[in-house]
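Visitor: I'd like to learn how to read a model like this one, feature by feature. Could you walk me through it?

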Amino acid sequence: MERRNTEAALIPTLQLLSYLIIALGALFMAFKAGSLPASRWEPMNAGTFPQIIFFSIAILCGMAIIFEFSKHGLPRTTFCIAWRSLISLKTVIINLVLFTVYMVAMPIAGFIISTFAYLLTTQLYLAPRKPTTVAIAIFVAILFSAGPYYLFSEAFNIYLPRAQW
Amino acid sequence: MTDAFLVALGGVTEPYTLLLMAVATFAGIVAAAIPGFTITMAIVLTLPLTFAMPPMQGIAVMLSVYVGGLSGGLFSAALLGIPGTPSSVATTFDAFPMARQGNPGKALSLGLFASFVGSIISIAVLIVAAPPLALLAVKLGPWEYFALIIFALTVIASLVGDSLIRGLIAGLIGIGIATIGPDPLMGRERFTFGYEILTAGIPFLVVLIGMYAMSQLLSELEPATGDRQPSSGALISGDMRPHLWQTIKNILLKPVNVIRSSLLGVFIGAVPGAGSSISNLLAYDQAKRASKHPETFGKGEPQGVVASESGNSSTVGGSLIPLIALGIPGSPADAVLMAAIMVHGISIGPRLILDHPDLVYSMFIAMAIASVFMLVIGVILMRAFLRLLNVPKYIVVPVVLACCAIGTYTLNNRLSDLYLLACIGAVGYLLKKLDYPLAPLVLGVVLGPIAETNLRRAFQTSTDWTLFFTRPISALLLTLAVVSVIYSIYSYMKQRRLMAQRLEATSK
């Protein structure tokens, strides 16, 4: 049984945690599937197949937890290491937040405005601060917000979301 | 049959379709050449553009992106030393040294012509293998179909990623996601928890875009680690002339390598889950083993470029064999092709070739034409691609993410799909970070409803569950599924033993 240092143990710890969360979620779904009403027309009802699948997931997660423990023992990491790893992913997290805001804003602000704002903000955040990159960012934001809108509406008769005001 | 072929030929060779195919091939090459932009992403982003096209035209355009994409990785591999896609990792080994020695034109033309030969060989195998397999598949019952899907999922789970158990969990999560919404036989609502957003289920393309494109793009923003291959920094200079005639002569006078690599690529492409990312490495390895001068590999050996590029390009024909003959996509890219056909109301399965032979023939013809386009465009625009490779990440990532949003919205014109995309993308990234392979998950979403439908049909026909083990084909497929799991466990244990031995040897 090998012990790992706190840094290397971060991913295995998170994996163990993920097995546990997935197993619990799968068990919940399996019981939910079991409560679906039986069918008069077929031996398997609508819930039987999902029940098999979710129970299988829970069993596999249980097996994964046992294997992980038997192979490496309890992985030990610290909150500080986890926090440091999270901080190193700052760019990814900010981009994910920006994208989520973009998705939520699109139905209200419409495709053109939300896409322009999203592209400009993200590029300005990611790009080095130089007059050329700002100009490029503005050009790209205009091109890829207005361009697809008019391409889809004029060429394919598909209308991307319009602003609600 | 002849009528269907002529209809297909007429449809694909219409000038407008040819023009669209040429543009799509170019787009596929450019997309795959940009590091971080995968072929699957390119195909996903093309899908909404094909909605307004007739099925034959739409599928021809998608296949052109696919064929172009498989050779596009060559450009960044040869000129920057970075594989544009996982399918061109082995190309980097020899094409980059060759380019640095002052022969970038030769490295590119070798790769392009090898890709062309690989594609043509794979199309020939596809034409020969798919129709008889489809005729056989029509006779399969629900027991065999269910067993086939179990087999496909176990193979995918054992081939992709580092852990079989995480692969299986991911595949089953995919099937679990597919059970949300109406059940496939009776339409009964399941697991919606009263949320309207879930009543129609989770469209598999939203899962695919979220899991694949978003997680990949977000990974591109992570700080670079030591194990990432460094870029050369500067653009390659040297002889950019393609020397095409000499290249053709070189490849055709030594045909064994290109044929072996292509057939290997076709075979690997036909196995669900194993795709061009594996075939290029295996073909390269085989070429090195068979060579009389293995020491030249990795130092600009032309046969290395030929093996890798013919190996990855030939997977396209191979991967279409299970899709056309059985209705089972072997990779996420094939799943998008499947969606492109289904969007037009055509059901995928073994009857595709019987009910819509013109569409299937048009796929064969489109692939052949796209291969020619790939070669011609690649050779002519070699110099231009050199400039395109330097598109910075700060433009690529947000623009492609915005395109993902467009693709998701236009699938069903539903705003709620956008919220699903953001959630699935975040979960996909998290799973990727935790080393869960995403291909089994995505294919689980596609294959889940087929598996459930066939399982329930089997029990509607007879409640005797032993039929799964007593019907020969079903029993064979289930045995193969068990064998693939056992083999995967055996290889894993063998690998661990070897690593332990090496560690022991180094510590002495």
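Predicted model: local features only at pLDDT ≥ 70, side-chain atom pairs only at ≥ 80, totals over all residues.

Visitor: How do the axes of H11(B) and H14(B) cross, and at what angle?

Guide: For a helix pair, look at the approach of the axes and then at the angle. Helix H11 (residues 255-270) of chain B and helix H14 (residues 315-326) of chain B have axes that come within 6 Å, crossing at roughly 35 degrees. On the H11(B) side the contact includes Gly265(B), Val266(B) and Phe267(B), and on the H14(B) side it includes Gly317(B), Gly318(B) and Ile321(B). By class, that contact has seven nonpolar residues, six polar and no charged.

Visitor: How do I check a helix's length, say for H5(A), and which of its residues are buried?

Guide: At 1.5 Å a residue, the 16 residues of helix H5 (residues 111-126) of chain A should span 22 Å, and the end C-alpha atoms are 22 Å apart, so the two agree. For burial, the general idea is about facing. An α-helix has 3.6 residues a turn, so residues three or four places apart point the same way. In H5(A) the buried residues include Phe111(A), Thr115(A), Tyr118(A), Leu119(A) and Thr122(A). The buried residues of H5(A) pack against H4 (90-109) and H6 (131-155) of chain A, and also against H19 (393-412) of chain B.

Visitor: That brings in both chains. How many residues of chain A are in contact with chain B?

Guide: For an interface, count residues on each side, then ask which elements supply them. 51 residues of chain A contact 44 residues of chain B. On the chain A side, helices H1, H2, H4, H5 and H6 each supply at least two residues. H2(A) gives the most, with 11 residues. The chain A side divides into 37 nonpolar, 12 polar and two charged residues.

Visitor: Can we zoom in on single residues? Is Glu68(A) buried, exposed or partly exposed, and what does Glu68(A) touch?

Guide: Count C-beta neighbours first. Glu68(A), in helix H2 of chain A, has 18 other C-beta atoms within 10 Å, so Glu68(A) is partly exposed. Beyond residues up to four places away in sequence, Glu68(A) touches Pro12(A) and Leu16(A). The C-alpha atoms of Glu68(A) and Pro12(A) are 8.1 Å apart, although 56 residues separate them along the chain.

Visitor: And the backbone angles: what is the phi of Phe193(B)?

Guide: Look for positive phi outside glycine. Phe193(B) has a phi of about 50 degrees and is not a glycine. Phe193(B) sits in the loop between strand S2 (189-190) and helix H9 (204-220) of chain B, and with 7 C-beta neighbours inside 10 Å, Phe193(B) counts as exposed. Asp435(B) also has a positive phi, near 70 degrees. Asp435(B) is in the loop between H20 (416-433) and H21 (438-461) of chain B, and is partly exposed, with 15 other C-beta atoms within 10 Å.

Technical notes: Residues numbered from 1 in each chain as written. Chains lettered and ligands numbered in written order. Helix = DSSP H or I, 4+ residues; strand = E, 2+ residues; numbered from the N terminus. Expected span 1.5 Å × (residues − 1). Buried ≥ 20, exposed ≤ 12 C-beta atoms within 10 Å, placed from the backbone. Contact = placed C-beta atoms within 7 Å. Axes fitted to C-alpha atoms, helices over the stretch in contact; angles between N-to-C directions. Nonpolar A, V, L, I, M, F, W, Y, C, P; charged D, E, K, R; others polar.
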